[in-house]
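Here is a friendly briefing to read with the model open beside you. Please have the sequence and the 3D view ready, and follow along topic by topic.

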Amino acid sequence: MVATDTIARLRSGRRIWAIASVHGAASRLAALAQRIVPKLRPRDAIVFMGNLIGGPPGGEPPDIVTTLDIALRLRRTVLSKPGAHACDVVFLRGAQEEMWSKLDQLHFAVNARDVLRWMLHHGVGATIEAYAGPDAIAEGLRAVGAGPMMTARWTAALRAAVRAHAGHEALYTAVKRAALSEDGRLLFVNHGVDPTKPLERQGDSFWWGAAQPFERIAEPFGGVQRAVRGFDRAHPGVASGAVGMTVDGGCGFGGPLLAVLLDRDGQELER
């Protein structure tokens, strides 16, 4: 398996910090960053494993803007270390980032109202309100009811709101589908992977999940010895199988934000 423009390659990564889904829990990410920063070494890498944004309806009130600001500060800290490469801090695409990117194409949808309502049910509303204010969801529902032109104006306003926050637009543009260690033995994804397919042909398995349960991947595939994900609907904490490792304590759903530090062989050094 080789890196592509959508699959990151961690060029340094002597040690890799893998951070679970945050779901806009800024205070938890700030506390985690305070724990990580004193422990950083030159050539450490960090992978944010998707769902940095968004928030489950009825879950903890998210602070999307502050969350991204904290993540960008942590990125700058990592890249200030000797020997660091820009590619050694990776933001993965989770379901929340996927929905956010698809909003930009909403005016092309035949059933735009249904699509927007489905996205709202799955947590994109928190990100919309974070950038455009508490009335933005109602405005969006009116826009999709009025047709493609009004929908395009609404999504253009969302883009402008994102650009008002330094670094946010660039972060969204830079999200990757997956990340590989330099030797290809460690794979990082948001939610799932189909071991029968090459990485570049996974489709949306990375963020919506594959047919085969992650924890049942029994054998290495395509050179990958250890696959790590940052979201599981069951939020099991840190759970390891023969190949798959899940890191998700339920952040945003009332649980803690978890991270693990792995060596280049995928062995856990710290959590």
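The largest nonpolar core holds 70 residues, and Ile19, Phe48, Trp100, Leu103, Ile128 and Phe188 have the most contacts inside it. A nonpolar core here is a set of buried Ala, Val, Leu, Ile, Met, Phe, Trp, Tyr and Cys residues joined through side-chain atoms within 4.5 Å; buried means under 20% relative accessible area, exposed over 50%, and partly exposed in between, with a 1.4 Å probe and protein chains only. This is a predicted model, in which local features need pLDDT of at least 70 and side-chain atom pairs count only at pLDDT 80 or more, while totals for chains, interfaces and linings use all residues. Residues are numbered from 1 along each chain as its sequence is written, and side-chain values use heavy atoms, leaving out hydrogens and water.

- Not counting residues up to four places away in sequence, Phe48 touches Ile19, Leu29, Ala71, Leu74, Val89, Val90, Phe91 and Leu92, where contact means heavy atoms within 4.5 Å.
- A second, separate core of 15 residues includes Val189, Leu199, Ile217 and Ala227.
- As background, nonpolar side chains tend to be buried together in soluble globular proteins.

- E2 and E3 run parallel and are joined by 5 bridges. Trp17 has Ile46 as its bridge partner in E3, and Ile19 stands opposite Phe48 in E3.
- How many residues of E2 are buried? The count is 5 of its 5 residues.
- Arg15, Trp17 and Ile19 point one way from E2, while Ile16 and Ala18 point the other way. In a regular strand the side chains alternate between the two faces of the sheet.

**The six-stranded sheet**

- Here 6 strands form an open sheet in the order E1-E5-E6-E7-E9-E8, again with mixed pairing.
- Its edge strands are strand E1 (7-10) and strand E8 (237-240), each pairing on one side only.
- From one strand to the next, the twist averages 15°.
- Strand E5 (residues 178-181) and strand E6 (residues 186-189) run antiparallel and are joined by 2 bridges. Leu180 has Leu187 as its bridge partner in E6.

**Arg229, a buried charged residue to look up**

- Arg229 sits in strand E7 (residues 226-229), and Arg229 is buried because its relative accessible area is 4%.
- The side chains of Arg229 and Asp232 make a polar contact of 2.9 Å; such a contact is a pair of N or O atoms within 3.5 Å, and within protein one must be able to donate a hydrogen and the other to accept it, with residues adjacent in sequence counting only if both atoms are side-chain atoms.
- Beyond its neighbours within four places in sequence, the contacts of Arg229 include Met49, Val189, Phe214 and Met245.

**Loop residues**

- His23 lies in the loop between strand E2 (15-19) and helix H1 (26-36). His23 has a positive phi of about 55° although it is not a glycine, and its relative accessible area of 4% makes it buried.
- Asn51, in the loop between strand E3 (44-48) and helix H2 (64-79), also has a positive phi, near 55°. At 3% relative accessibility, Asn51 is buried.
- Most residues other than glycine have a negative phi.

**Cysteines**

- The whole structure contains 0 disulfides, a disulfide being a pair of cysteine sulfur atoms within 2.5 Å.
- Cys87 is partly exposed at 27% relative accessibility, whereas Cys251 is buried at 1%.

Note on methods: Pairing = 2+ DSSP bridges. Helix = DSSP H or I, 4+ residues; strand = E, 2+ residues; numbered from the N terminus. Axes fitted to C-alpha atoms, helices over the stretch in contact; angles between N-to-C directions.
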